[in-house]
Amino acid sequence: MALGRTPRQTGLLRSTVDYCDGRVAPDSIYGILHRECFALFSDGMFADLFTDIGRRSVPPMIVAVVMVLQRIEGLSDREAVDRFAFDARWKYAAGGLDFDYPGFVHTVLVDMRARLARSDRPDRIFQVVLDVAHQAGLVGRRRVLDSTPIYDAVATMDTMTLIRSAIRGLLAATDTGLTGELRAAITSGDDYSSTAKPQIDWDDAAAREALIDSRARDGFAILALVEGRRLDAGVDQAARLLATVLGQDLIDDNGVFRIARKVAVDRVISTVDTQTRHGHKTNARSFDGYKGHLAADPDSEIITATTVTPGNTGDAEVAERLLADVLPPEPEPEPEDRPAVYGDAAYGAGDLLARLDNASVYNGLKVQPPARVKGHYGKDSFTIDLDAQTVTCPAGITTGIRAHGGRHAGTAEFGAACADCRLRGECTTAAAGRTISISPHEVHLAAGRARQADPVWKADYRATRPKVERKIGHLMRQRHGGRRARVRGLVNVAADFSLLAAAVNLARMGRLGITSAGSGWVTAA
C-alpha cells in the first residue's frame, strides 16, 4: 500500500473551517489539532510504514488525528470512524477538511496500529508530542511517579475453565494426525468442543472434585504425549500454557488432583490474554489486568514517560525506566540543575532510594514506616549503628549484627536477653526473642524516613505529588479505553496507554497555548 497524502486545498463553500471558527475553542484539543496537525503528524512522518507501489492509503495524518481524538473521547474503532464522518469538529481538527470529505472503515485504524507495532518507532505519536513540549520549554527536571490499574478486556477464568480452555487450545493448535493421537488419550469423555462447563450438580462437592480430577488427568495425559517431541511454535506455546495452568492451581492429594488452597504468585488468569494478572493497588483493593505507570512534570503537568506491566508488578520495579531522561547512567557530582523525583510509599524501595541518592537526585519518595506487628515496637524504636554494626533495643540492650546472604544484609538477634526483659510484652512474643533484619539499603531507608519528618520536605511533597493523581484522573476519565483496556496483550495495552498519554498531553498543550513558530514551538506566554 502506498502513502496517501492529506489534501491542503479545501472547498470554498464546503470547508468546516468557517463553520467551526468561533464555535470551537482555540485552546481545545480540536483547536490545537486544527492549527498544528500538519506540523505534528505530517504524512511523511509515517512514510516508513508504507511502500512506493499499490493503492493509496487513507492519509496517515488524518488517521493519526482520528486515533488521538478516539483516545481522548474513549471510543471504539467503529464509533471513532462514525464521529469522523459526521462530527464537523473532527474534520476541522484534521486540517479543516470539507464537510463531505469521505470517511473510511474502522479496519483502517486496526491496520495503522498493526503497522506502528511492527515499526522501529511504535510510540512515535507520543514521542512527537513530547518533543514539542520539550521544544516549548514545558518539560523541566522534576518528575512525579504513580501507577493506576487498567482492567483487562477479558473475563477472569476459574480453574475448571482454565484447564478446559488450555486443553482445547492445544487440540486446536495441532495437526489432524497429532490431534487424533491426543484425543485418544482423553479418558473423561469430554470432547472439549464447547466452552460451556460440563453439566454436573455444582452443589455436590464430590461431583466437583471428580470433575477437576478427571480434566486434570486429561491434561497431564496429553502433555505426556507431546513431551520430548519436536513441536512448531504454536503447539509448543499451547502446551506450555496447559502445563502452567495445571501446575499453578492443582495439588496431588494421595493420587487425586484437587484445587490448591492458595493463589500462585504469578497465576495465569485467562487463556485468552495470558499476560493479565491479579493485582493489588492497596491491601483492600484488588483488580484483574495491568498496571499503567507514568512519570509527569509536576509544573507543566506534561506526561514524560509511560509503560504498562502485568497487574502484579511492583511500582518501584519500573521506576528507572520512567526516569531514564533525568537519571544519569552513572553516579555523578551534584549537578547545577538537580533533578527531583516524587512518589508515594510504593516507590520507597531500598534499590530506588539508593539509585536516586547516589545520582544526586532530590529524593521526594515517601518511605513506609516500619511495621508494628501486633502493636509491638517497630524497627524505628531500635538504634541501628551501621558503623559499629550493632543494634540497641528500647530496653538498652545492645547486640551485634550478624551478616548473611539473601535479601537481608544481616540480622541482630536478642535471644536470651528477651527472656526476663521488662519490655518483652511490648516487643515480641517469639520464643527465641526479638530479631531485627538489616536491609542492604538500610542507610538510604533510614535517610528517607528522616527526610520525611522534615516539615519543609512534607510541604513540598504535599504540594507536588498530588498533581500526578489529577493527571491519572484525566487518563482514566473514560471507562472504555481508559480504566478498561480496549485491546488484549501487554504490547497492545502499552501502545494504547502511550497513545492516550499523547492525547492528554495535546489537550494540556492546547490549554497552555502552544503554537509552532518558524523553527520551533512556543507557548502563548
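Is S360 buried or exposed? S360 is buried, at a relative accessible area of 14%; buried means under 20% relative accessible area, exposed over 50%, and partly exposed in between, with a 1.4 Å probe and protein chains only. The model is predicted: local features need pLDDT of at least 70, side-chain atom pairs count only at pLDDT 80 or more, and totals for chains, interfaces and linings use all residues. Residues are numbered from 1 along each chain as its sequence is written, and side-chain values use heavy atoms, leaving out hydrogens and water.

**Overview and confidence**

- The protein has 18 helices and 16 strands. Helices (H or I, at least four residues) and strands (E, at least two) are DSSP runs, numbered from the N terminus.
- Its C-alpha atoms fill a box of roughly 95 × 70 × 40 Å along the principal axes.
- Of the 525 residues, 48% are buried.
- Mean pLDDT, the predictor's confidence in each residue from 0 to 100, is 91 for the protein. A score of at least 70 is reached by 97% of the residues.
- Confidence is lowest in strand β4 (residues 277-282), with a mean of 87. It is highest in strand β6 (residues 303-310), at 97.

**Cavities**

- Four cavities of 30 Å³ or more are present. On a 1 Å grid over the protein atoms alone, a cavity is a set of points where a 1.4 Å probe fits but cannot get out; lining residues have an atom within 4 Å of a point. Grid points are joined across faces, edges and corners, and a volume is the space filled by probe spheres set on the points.
- The largest cavity has a volume of about 100 Å³. Its lining counts 14 residues, with C393, A395, C418, C421 and C427 nearest the centre.
- That lining splits into 11 nonpolar residues, one polar and two charged. Ala, Val, Leu, Ile, Met, Phe, Trp, Tyr, Cys and Pro count as nonpolar; Asp, Glu, Lys and Arg count as charged; the others, Gly among them, count as polar.
- The second largest cavity holds about 80 Å³. Its lining includes R71, I150, R484, R486 and D496.
- Helix α18 (residues 490-511) gives the largest share of this second lining, four residues.

**Sheet β9-β10-β11**

- Three strands form an open sheet in the order β9-β10-β11, with antiparallel pairing. Two strands pair if DSSP finds at least two bridges between them.
- β9 (383-385) and β11 (398-400) are the edge strands; each has a single partner strand, so one side of each lacks a neighbour in the sheet.
- Neighbouring strands of this sheet are turned by 20° against each other on average, direction ignored. Axes are lines fitted to C-alpha atoms, for helices over the stretch in contact, and angles run from 0 to 180 degrees between N-to-C directions.
- Three bridges link β9 to strand β10 (residues 390-392) in the antiparallel sense. D385 stands opposite T390 in β10.

**Sheet β12-β13-β14**

- Another open sheet of three strands runs in the order β12-β13-β14, with antiparallel pairing.
- Its edges are β12 (402-403) and β14 (435-438); each has a single partner strand, so one side of each is without a neighbour in the sheet.
- Strand β13 (residues 410-413) and β14 run antiparallel, joined by four bridges. T411 stands opposite S437 in β14.

**Hairpin β4-β5**

- β4 and β5 form a hairpin with two residues between them.
- Five bridges join β4 to strand β5 (residues 285-296), and the two run antiparallel. H278 has D288 in β5 as its bridge partner.

**Loop residues**

- S360 lies in the loop between α13 (350-358) and β8 (362-365). S360 and A340 are 20 residues apart in sequence and 9.1 Å apart in space, C-alpha to C-alpha.
- N254 sits in the loop between β2 (250-253) and β3 (256-259). N254 has a positive phi of about 55° although it is not a glycine. It is exposed, at 77% relative accessibility.
- E301 belongs to the loop between β5 and β6. E301 has a positive phi of about 65°, and it is not a glycine. At 10% relative accessibility, E301 is buried.

Conventions: 1 Å grid on protein atoms, 1.4 Å probe; cavity = no way out; pocket = protein on both sides within 12 Å on 5 of 7 lines; lining within 4 Å.
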